[in-house]
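Let's take a friendly walk through this protein, from the whole fold down to a single residue. Have the model open beside you as you read.

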Amino acid sequence: KPIRVFGVFHHLRPSVHPSIHPSIHPSIHPSIHPSIHLSLVKVFGEDNHSRAVWVSRGATAREVCQMLVQTAHCSDQENWALLEIHPALGLERCLEDHEVVLEVQATWSLKGDARLMFCKNYAKYEFFRKPMLFFPENMISDSADVSKGMTSSDLIQNLLRSGTCPEIQGFLHVKEPSRKTWKKVYFFLRRSGLYSSTKGSSKEPRHLQYVADLDDLNVYTAVNGRKLYGAPADFTFCIKPSRNPIRVQDLKILCAENEQTRTCWTSAFRLFKYGKQLQCNYHLSKSAPRSLEGSNLADGKSKSEASLVAMDFSGKAGGRVIQNPTEAQSAEREEGQAWRVRMEGNKSFLIKKSCSSCLFCLLSAIHKTLPWFHGGVSRKEAQRLIEKQGLVDGMFLIRESQQHSQCFVLSLCYQLKTKHYLVIPFEEGGRKYLTMDDGVTLFIDLLQLVEFHQINKGILPVCLKHPCVCVAL
C-alpha cells in the first residue's frame with residue numbers, strides 16, 4: 001500500500017529489514033525512503049529539541065554524528081557522540097562509533113522513553129592516551145600477570161597497544177535481586193566473563209560464580225543512582241544483555257567507591273567486549289577532519305598546546321626558550337602580573353569618558369554569548385554536564401554562583417574529578433575586576449579570565465582545554 005511522506009505518495013518496498021520496522025520504536029519515523037530504504041531517526045540535542053535525519057539500515061553512530069555535524073553547522077567536528085539514554089531508569093551510555101544505530105534502536109521497547117542524544121564526549125578513547133589513570137595498579141588482577149617480570153605500567157601499555165585489556169579485580173556493591181539491600185562483593189573481570197567470589201576475595205575456582213558473558217552485554221552509567229536505586233554512593237553503573245529490551249529485572253546494578261573505580265570497570269567492559277575494534281575506532285577518530293584549534297598528536301596533545309613553550313625576551317639577542325622548569329614557572333607568574341598591567345592599560349583606553357562601573361556592566365555581559373557559560377546551573381548539574389561530555393583533564397564550564405551574589409564558579413575536570421573555583425568581584429583603584437586568587441591576578445571580564453587560563457595554569461592544576469558546550473539541533 002502507498003504511504004504518505006511529506007505530502008508525496010511513494011510505494012513501500014516489500015523487503016523492509018525487520019530491524020528497522022516502524023513499529024519497533026516511535027523514534028524511528030514510519031516513513032521509509034522509496035528507493036534506498038532510508039529511515040527517519042529522531043536525535044535530541046542537549047536543549048531537548050530534536051532533529052530527524054535519514055539513515056540507512058547500516059548507518060553507524062560515527063556516520064550519524066558526521067551527518068549531524070553538517071546539518072547542525074557545528075564548527076568543531078571532533079569528539080561528537082551519540083548517547084543512548086533511558087530517562088525513567090536513569091541509564092545512559094555512549095554508542096561505540098561502529099555500532100549500527102537502527103540495530104540499537106531495534107532493542108528498545110515500544111512503550112519505553114529511550115532516546116538518542118547528540119553531544120560531545122572527549123573521554124571516549126582517553127584510556128588509550130592515559131592508561132595508568134584509567135587502570136590503577138591495585139585493580140589489575142595478579143593473574144593477568146607478571147611472569148615475565150613486567151611492571152603493571154608495562155602490562156597495561158602492551159595490552160592496550162594490542163587492543164586487549166588487563167584482567168580487573170576489586171570490590172563492588174551489588175544490588176540484590178528483588179530487594180532494596182546492597183551487598184559488597186569481590187568481582188573478577190576476565191576475557192571469559194564476569195565472575196564474583198562467594199568467599200571474600202578468593203579466586204579459587206570453587207569460590208568463583210559466573211555472572212555474565214561479556215560478548216552479550218552493554219554497560220550503562222546510572223544517573224542519580226542514590227535516588228533511583230538506593231545506591232550507597234554516586235558511582236553507579238549497570239550491565240544488561242545487549243539484545244534484550246531494557247527491563248528492571250534484567251539489570252545487574254553495581255556501585256563503585258569512587259569515580260576512578262567506576263571508570264576503570266566500565267572501560268574494561270568496553271575493551272573486553274570490542275578489543276581491536278575500539279583500537280580501530282580510536283585511530284579513525286584521529287584521522288578525522290580536525291577543528292581549527294589544532295589536530296591531535298600521538299601523545300594526545302593538540303598542535304597548539306604542544307607548540308607552547310616558555311620564552312624569555314628580556315635579552316638584547318632576541319628570544320630564548322626557557323629550559324629550566326623552575327625558571328619557566330617563575331616566568332609564568334610574571335606573565336600573570338604583566339597580564340594584569342596590560343588589562344588595566346587597555347581598560348583605561350576603553351573607558352575614555354565612560355565611568356568604570358558602566359564599562360564593567362557592559363563587559364560583564366559578554367560571557368553570556370559564549371559556549372562555556374551555563375548560566376545559573378547548580379553545582380550538581382555542572383558536574384553532570386562535565387561527566388556526560390567526558391572526564392578529561394581541562395574540561396571546563398563557568399556558571400553563576402548560587403551561594404554568593406555577583407560571583408561565578410569555574411568548574412574544571414582534573415584526574416577524573418570535578419573541582420570548583422570561586423570567581424569573585426574585586427575592586428582596586430575605584431575599578432571593578434574579577435579574581436580567583438584574592439586579587440593577585442585581576443581580569444576585567446570572564447572572557448579574559450578564560451583566555452588567560454587557556455595558556456597559563458595560574459592557580460589551576462591544568463590549563464583550560466575543552467569547553468563544555470551544549471549544541472542545539
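## A guided look at the fold

Of the protein's 473 residues, 48% count as buried, where buried means under 20% relative accessible area, exposed over 50%, and partly exposed in between (1.4 Å probe, protein chains only). This is a predicted model, in which local features need pLDDT of at least 70 and side-chain atom pairs count only at pLDDT 80 or more, while totals for chains, interfaces and linings use all residues. Residues are numbered from 1 along each chain as its sequence is written, and side-chain values use heavy atoms, with hydrogens and water left out.

Taking contacts (heavy atoms within 4.5 Å) between residues at least 6 apart in sequence, 56% join residues at least 24 apart.

Now look inside. In soluble globular proteins, nonpolar side chains tend to be buried together. The largest nonpolar core has 43 residues, and those touching the most other members are Phe135, Ile168, Phe187, Leu189, Leu194, Trp265 and Phe269. Such a core is a set of buried Ala, Val, Leu, Ile, Met, Phe, Trp, Tyr and Cys residues joined through side-chain atoms within 4.5 Å. Helix H7 (residues 259-274) supplies the largest share of this core, seven residues.

Next, turn to the second largest pocket, which holds about 880 Å³ of space. A pocket here is an open set of points on a 1 Å grid over the protein atoms alone, where a 1.4 Å probe fits, with protein on both sides within 12 Å along at least five of seven lines; lining residues have an atom within 4 Å of a point. Its volume is the space filled by probe spheres set on the points. Of the 34 lining residues, Val223, Asn224, Lys380, Arg384 and Glu387 are the closest to the centre. Helix H12 (379-389) gives the most to this lining, with seven residues.

Finally, which strand holds Glu427? Glu427 lies in strand E20 and is exposed, with a relative accessible area of 55%. Its C-alpha atom is separated by 9.5 Å from that of Leu442, 15 residues apart along the chain.

Methods: Helix = DSSP H or I, 4+ residues; strand = E, 2+ residues; numbered from the N terminus.
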